Amino acid sequence: SPTSVTNKNSNDFEMNLFPNPIADNTIRMNVKSDQAYKHVTLQVVDMTGKKVATFDDIQIIAGQTFVQRNLNLPKGIYTIQLTSNNKVLGNSKLTKL
């Protein structure tokens with residue numbers, strides 16, 4: 001059954017991907033943080049370390065659900081990584097069915 005994966009980073013940035021695993025090409029994410037982030041980059045990395053998708057200039061607002069569509073990922077396990085100003089905000093595993 002679908003669950004969610006929560007990853008808390010040391011800088012009080014927590015991201016929660018849901019549902020996880022996904023069957024479609026859409027991820028949803030809630031973020032808990034003490035601040036909002038502009039110009040965030042979302043990268044999708046496969047298990048070999050290859051970047052398979054990058055989305056730039058995303059705005060992350062704590063407490064709001066962020067939705068990214070059109071991932072078009074094959075079945076597998078991925079890492080979703082958020083960065084801002086060359087600093088990793090958080091990352092979490094995602095399974096695509």
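When I say two residues touch or are in contact, I mean heavy atoms within 4.5 Å. Okay, with that out of the way, hi everyone. What you have above is a predicted model, where local features need pLDDT of at least 70 and side-chain atom pairs count only at pLDDT 80 or more, while totals for chains, interfaces and linings use all residues. Residues are numbered from 1 along each chain as its sequence is written, and side-chain values use heavy atoms, with hydrogens and water left out.

Let's start at S33. Not counting residues up to four places away in sequence, S33 touches D12, F13 and A62. It sits in the loop between β3 and β4 (37-46); helices (H or I, at least four residues) and strands (E, at least two) here are DSSP runs, numbered from the N terminus. Is S33 buried or exposed? It counts as buried, because its relative accessibility is 18%, and the cut-offs are under 20% relative accessible area for buried, over 50% for exposed, and partly exposed in between, with a 1.4 Å probe and protein chains only. The S33 side chain also has a polar atom 3.2 Å from the backbone oxygen of Q35.

K32 is exposed, because its relative accessible area is 55%. Leaving aside neighbours within four places in sequence, K32 contacts D12, F13 and E14. Its C-alpha is 8.5 Å from that of I61, 29 residues apart along the chain.

Strand β2 (residues 14-20) runs antiparallel to β3, with five bridges joining them, and E14 stands opposite K32. A hairpin through six residues connects β2 to β3. β3 also pairs with strand β6 (residues 65-68), again antiparallel, over four bridges, and there I27 has Q68 as its bridge partner.

While we're around β2, have a look at the prolines. The peptide bond from F18 to P19 is cis, omega near -20°, and P19 lies in β2 itself. The bond from N20 to P21 is cis too, with omega near 15°, and P21 is in the loop between β2 and β3. Most residues other than glycine have a negative phi, and most peptide bonds are trans.

On the phi side, D57 in strand β5 (residues 51-60) has a positive phi of about 55° although it is not a glycine. D57 counts as exposed, because its relative accessibility is 59%. N85 has a positive phi as well, near 55°, and it is in the turn of the hairpin that β7 and β8 form, with two residues between them. Those strands, β7 (residues 76-84) and β8 (residues 87-96), pair antiparallel over nine bridges.

Last stop, aromatics. How many aromatic pairs does a search of the whole structure find? One. F13 and Y37 are edge-to-face, 5.4 Å centre to centre and 75° between the planes; rings of Phe, Tyr and Trp (its six-membered ring) pair if their centres lie within 6.5 Å, and planes under 30 degrees apart are stacked, over 60 edge-to-face, the rest tilted. The pair links distant parts of the chain, 24 residues apart, and both F13 and Y37 are buried. Thanks, happy to take questions.

Technical notes: Pairing = 2+ DSSP bridges. Polar contact = N/O pair within 3.5 Å; in protein donor to acceptor, adjacent residues only side chain to side chain.
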